[in-house]
Amino acid sequence: MWRPRAELKGAYDVVVVGGGAHGLATAYELTKLGITNVAVLEKSYIGSGAAGRNTTILRSNYRTPEGARFYDASLKLYEQLAGELDFNLLFSQNGHLTLAHSDRSVFVMRERAEVNQLLGIDSRFIGPDEVRALAPAMQVHPDATYPIIGALYHPPGGIIRHDAVVWGYARAADAYGVHMHQQTEVTAIDVTDGQVTGVQTNRGLIGAPIVVNCTAGWSTLITDMAGVQTPIQTFPLQAAVTEPVRPFLDTVVVSGTLHVYVSQTDRGELVFGASVDPFASYSMRGSLDFVEGLAGHVLELMPPLHKMRLLRQWSGLCDMTPDYSPIMGPTPVKGFYVDVGWGTYGFKAGPVSGEAMAECIATQRTPEIISAFGLQRFTDGELVGEKGAAAVGH
Ligand SMILES: Cc1cc2nc3c(=O)[nH]c(=O)nc-3n(C[C@H](O)[C@H](O)[C@H](O)COP(=O)(O)OP(=O)(O)OC[C@H]3O[C@@H](n4cnc5c(N)ncnc54)[C@H](O)[C@@H]3O)c2cc1C
């Protein structure tokens, strides 16, 4: 679908580090703005990072106006993306439920619904009867250990085929002239007098006046190379999938209280996830502890699943910021840009991030839609707190 090994040139106008959804979307969007002398450098294979390991939930019902507006722009781009990339992305917009198990969570869900509605986002609080109608397999019973009092319902939310998104972007970027170099690891970033001049790789030196860090879970290793500090820590995030069964669950179901979420794929498998592992690490190994906890919590919600078998579990890396919002835009090093801090929630932001980063690079101005996500906010104390809306329901 794309040239497996384009010629590695000695210099490019823009070098994008990281061949995940964000790096590829940025490269593709740059070509739409006329910047085509672009290389994407990927140390492994395209989509080998979190872009190919996530649980594919797309939604825009965030807590802050800055976040909700941003993710909603991405959701709208995703709605058109299969047509734009001419690639079937299997986007199922069957709705997203965030369960409320306590009075406090009802309050928080109502507040989120109001923020969303003010921005024109389809999101509302619903009672237990409507929850039961949307997800009949769920135990919506007042005597349950964690009774479901209601939910934040977000009809345009859903799931997509993640690797198709990656492949679609890669094919389109390649068609417009982007060079994608797999097995090409950035080992150092050259900076002279505060200006980026290029990157060193396992395949040699590549000159570039602009370098974009799109490496998600590895992002602090790259920012360190440029001498830029970010308040990011990397944590593993695990997920698991069952054997396929007949379709019975249309919506994505998330319980922050139980630290679990579940969706059913087009093939009938149930995909489960949770919050990040409780320790910082670059390990991508699954743990028995995770599956035990997950199974217990899933059965609280859906007891009839007790006979289902897990097929496999896996893990990916998440670059967590203190406020659960990304860090995007220029840095104190001229020509060195970051598109990082994607934590457990960044897959849904690929399209809008690609557009915004490309515009930022092409115009040398930060687009309004990402102006709240600059690195400077941690110095200015202007955080965009999304923990309540992003910690479990990715
Ligand atoms: C289990 C799991 C479930 C998730 N679920 C969701 C979800 O449902 N919805 C959602 O929106 N988000 C979800 N996320 C988060 C989401 O996947 C990430 O935030 C997002 O994919 C990160 O952006 P990316 O795709 O560009 O990064 P990645 O795909 O991680 O790309 C970074 C790339 O950089 C490469 N790289 C690293 N270092 C170097 C180097 N030195 N030189 C060259 N290349 C390098 C890596 O190999 C990697 O391919 C989930 C994450 C995980 C792990």
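## Exercises on the ligand site and an aromatic pair

A backbone N or O atom of Lys43 lies 3.0 Å from a nitrogen atom of the ligand, which falls within the limit for a polar contact (a pair of N or O atoms within 3.5 Å). The model is predicted, and local features need pLDDT of at least 70, whereas side-chain atom pairs count only at pLDDT 80 or more and totals for chains, interfaces and linings use all residues. Residues are numbered from 1 along each chain as its sequence is written, and side-chain values use heavy atoms, with hydrogens and water left out.

**Exercise 1.** Find which backbone atoms lie close to an oxygen atom of the ligand, and state how much of the ligand the protein buries.

*Solution.* Begin with Thr56, where a backbone N or O atom lies 3.3 Å from an oxygen atom of the ligand. Continue to Gly343, which has a polar backbone atom 3.4 Å from a ligand oxygen atom. Taken alone the ligand exposes 1,000 Å², and the protein buries 99% of that (Shrake-Rupley method, 1.4 Å probe).

**Exercise 2.** Describe the aromatic pair of Tyr28 and Tyr176.

*Solution.* The whole structure holds eight aromatic pairs, meaning rings of Phe, Tyr and Trp (its six-membered ring) with centres within 6.5 Å. For Tyr28 and Tyr176 the ring centres are 6.0 Å apart and the planes stand at 50 degrees, so the pair is tilted (under 30 degrees counts as stacked, over 60 as edge-to-face).

Notes:
Polar contact = N/O pair within 3.5 Å; in protein donor to acceptor, adjacent residues only side chain to side chain.
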